[in-house]
Amino acid sequence: MPAAHVAAAPPQAPAATAPRAASAARAASQSSLLGALVANGYGDLPVDDIIYLKNTGITGDYLSSFVKAWGKVPARELAEARKHGLVAEYAGRMRAAGLKDLTLRGAIDLRNHGVDPEQLRQIHALGFGPYTVQDAIELRRYGVSSDLFRGLKESGFTQPELRDVIQARMNGLRAEHLREAAKIGSSLTLRQIIRLKQAGVI
């Protein structure tokens, strides 16, 4: 009776394949960072700064996208942005929002406070401001949205004091209250309308 045919077992991969692959991935990442540094004008960085960037988590992709969105910044500032989780997309959108004193440090503060760049862009597009970084943080702290600014503009308040806008938000003033107050006349100030809201008149 013929012997049963036994299929040959496939050759096993060498045990060192995984460590070699990880080493190759690390080398590619380092090479990508070095290439991005040169391509974005950081080719003359001291070795210590290059190592610091790598240890901070800067990759070639992060560096290239950040420079594209924001522009070239000192290496240490770039590392600071990375440590605070500031990504290129947010930095670029915040730069386009129109703040009048925005710096990279300011963008980090705005990100740490959860400021929405789209809200700022809409507020500025309505004709208010331009506001400062600290103004934007205050607006975020008190939950002032572009909707309130839109209502203010519709009611003829084009450049109200920021503290009055915040006070309006704290008292729950909305567009319908502004329209109700307009029935009394157009001579009312925003502070007077806030008082009417506090008194329950509107």
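This is a predicted model: local features need pLDDT of at least 70, side-chain atom pairs count only at pLDDT 80 or more; totals for chains, interfaces and linings use all residues.
Residues are numbered from 1 along each chain as its sequence is written. Local features need pLDDT of at least 70 and side-chain atom pairs count only at pLDDT 80 or more, while totals for chains, interfaces and linings use all residues, and side-chain values use heavy atoms, with hydrogens and water left out.

The chain contains 12 helices and zero strands, where helices (H or I, at least four residues) and strands (E, at least two) are DSSP runs numbered from the N terminus. Of its 202 residues, 35% are buried, a term that denotes under 20% relative accessible area, with exposed meaning over 50% and partly exposed in between (1.4 Å probe, protein chains only). Among contacts (heavy atoms within 4.5 Å) with a separation of 6 or more, 60% are between residues 24 or more positions apart.

The model holds 12 salt bridges, each defined as a side-chain nitrogen of Lys or Arg within 4 Å of a carboxyl oxygen of Asp or Glu. In helix H7 (residues 117–125), Glu 118 and Arg 121 lie three residues apart, about one turn of the helix, and their closest N and O atoms are 2.8 Å apart; Glu 118 is partly exposed at 28% relative accessibility, as is Arg 121 at 38%. In helix H8 (residues 133–141), Glu 138 and Arg 141 are likewise separated by three residues and form a salt bridge of 2.1 Å, N to O. Asp 147, which is exposed at 53%, pairs with Arg 150 at 3.0 Å between the closest N and O atoms, and Arg 150 is partly exposed at 31%.
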